[in-house]
Amino acid sequence: MSATVELKLSRPNRIYRPSVPLEGKIVVKSASPISHNGIRISLKGSVDLQVRGGSAGVIESFYGVVKPITILSKSLEIKPSGKIVSGTTEIPFSITLRNPREDNLERFYETFHGTDVSIQYLATVDIMRGYLHKSLSATVEFIVESDKADLPDRPISPEMVIFYITQDTQRHPILPELKSGGFRITGRISTQCSMLEPLGGELTVEASALPICSVDIHLLRVESILLGEKIITETSLIQTTQIADGDVCRNMTLPIYVLLPRLLTCPTVLAG
């Protein structure tokens, strides 16, 4: 059996704040003892513009202009040169992301997985074994969120707006039966809320000339970058939440409860 290495973080959700040490353990499995020239852990964070599969979008067309920005680069020796015994060996580690006793010039942007813009933090362990043996390495992503001290002291008050949907508000072609018979859906939904709280509201199907198959809410994300004097914007669908399945009863209030995927929705928990 060849030797393997795994990097396990102390938190199952892998969420850490800049003031909290990144802790975990290095798990090495080997059928025979391993000699090494040192064990190191490297932390890297970067802001990238990336090209996804499919046709290139507006932002992607400027990909070659904007270079990735490094926002975190640290390396720490966990073990000096030595030997790892056969079997399973666990090596604990703890790395401080931000030292409170130093001037904090580093800015820890929160993790964000966008279509075109991505903020990512990676931890990599390297077991160096010299020229005659292949080095062992493993990489895991950890999530960075703002320190609690940076969060608002008071909870954000939800702001509700009233909406209605009829055959006259549709911009796309609709069936003749709906044009003649009509339909009307009313409700209210939050337009300002904490990223850590669900999006709430309610809706009511008052009338529909045709049976309803499903009621869904689409969450769209708008990404914008400033390039020179221009603001380039793209919109993408990141989540669909089903509110009701089948032909719902008329004039019955249906609750809206949508959990926001923080990593995909917005690059900061400070945003409403």
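Among contacts in the protein chain between residues at least 6 apart in sequence, what percentage join residues at least 24 apart? In this predicted model, the share is 70%.

**Figure 1. Overview of the protein chain, with two helices and 18 strands.** The protein chain has 272 residues, and 39% of them count as buried. Its accessible surface comes to about 16600 Å². Carbon and sulfur atoms account for 53% of that surface.

**Figure 2. The open sheet of three strands, in the order β1-β3-β8.** Pairing in this sheet is antiparallel. The edges are taken by β1 and β8, which have a single partner strand each, so one side of each has no neighbour in the sheet. From one strand to the next the twist averages 20°. Strands of a sheet pair through backbone hydrogen bonds, in a parallel or an antiparallel way. Here β1 is joined to β3 by six bridges, and K8 has K25 of β3 as its bridge partner. Between β3 and β8 there are nine bridges, again in the antiparallel sense. In that pairing, V27 stands opposite E90 of β8.

**Figure 3. The two faces of strand β1.** V5, L7 and L9 make up the covered face of β1. The uncovered face consists of T4, E6 and K8. One of these, K8, is the residue bridged to K25 in β3.

Figure 4. The relative accessibility of I91 is 7%, so I91 counts as buried. Leaving out residues up to four places away in sequence, I91 touches G24, K25, I26, I39, I78 and K79. K79 is 12 residues from I91 along the chain, and the C-alpha atoms of the two are separated by 8.8 Å.

**Figure 5. The largest nonpolar core, with 37 residues.** The members that touch the most other members are I26, I41, L43 and F142. Two or more residues come from each of β1 (4-9), β3 (22-30), β5 (39-49), β6 (69-79), β8 (87-95), β10 and β11. The strand giving the most is β10, with six residues. Another core, of 20 residues, lies apart from this one and has I189, L203, V215 and C266 among its members.

**Figure 6. Contacts of I41.** Neighbours within four places in sequence are set aside in this view. The residues in contact with I41 are then L7, I26, K74, S75, L76, I78, F93, I95, T124 and V125. Among them, L7 belongs to the covered face of β1, and I26 is listed with I41 as one of the core residues touching the most other members.

**Figure 7. The one aromatic pair of the structure.** The ring centres of Y121 and F142 are 5.8 Å apart and the planes meet at 40°, so the pair is tilted. Y121 is in strand β10 (residues 117-127) and F142 is in the loop between β11 (136-141) and β12 (143-144), so the pair ties together parts that are 21 residues apart in sequence. Y121 and F142 are both buried.

**Figure 8. The open sheet of four strands, in the order β13-β14-β15-β18.** This sheet is also paired in the antiparallel sense. Its edge strands, β13 (159-166) and β18 (253-258), pair on one side only. The twist averages 20° from one strand to the next. Six bridges join β15 (residues 199-208) to β18. L254 in β18 is the bridge partner of L203. L203 is also among the residues of the 20-residue core.

Figure 9. Most residues other than glycine have a negative phi. N251 is placed in the loop between β17 (230-245) and β18. At a relative accessibility of 56%, N251 counts as exposed.

How values were computed:
Residues numbered from 1 in each chain as written. Predicted model: local features only at pLDDT ≥ 70, side-chain atom pairs only at ≥ 80, totals over all residues. Heavy atoms only, no water. Pairing = 2+ DSSP bridges. Axes fitted to C-alpha atoms, helices over the stretch in contact; angles between N-to-C directions. Phe/Tyr/Trp six-rings, centres within 6.5 Å; stacked < 30°, edge-to-face > 60°. Buried < 20%, exposed > 50% of the residue type's maximum accessible area, 1.4 Å probe, protein only. Core = buried A, V, L, I, M, F, W, Y, C linked by side-chain atoms within 4.5 Å. Contact = heavy atoms within 4.5 Å. Areas by Shrake-Rupley, 256 points an atom, 1.4 Å probe, with all protein chains shown as cover.
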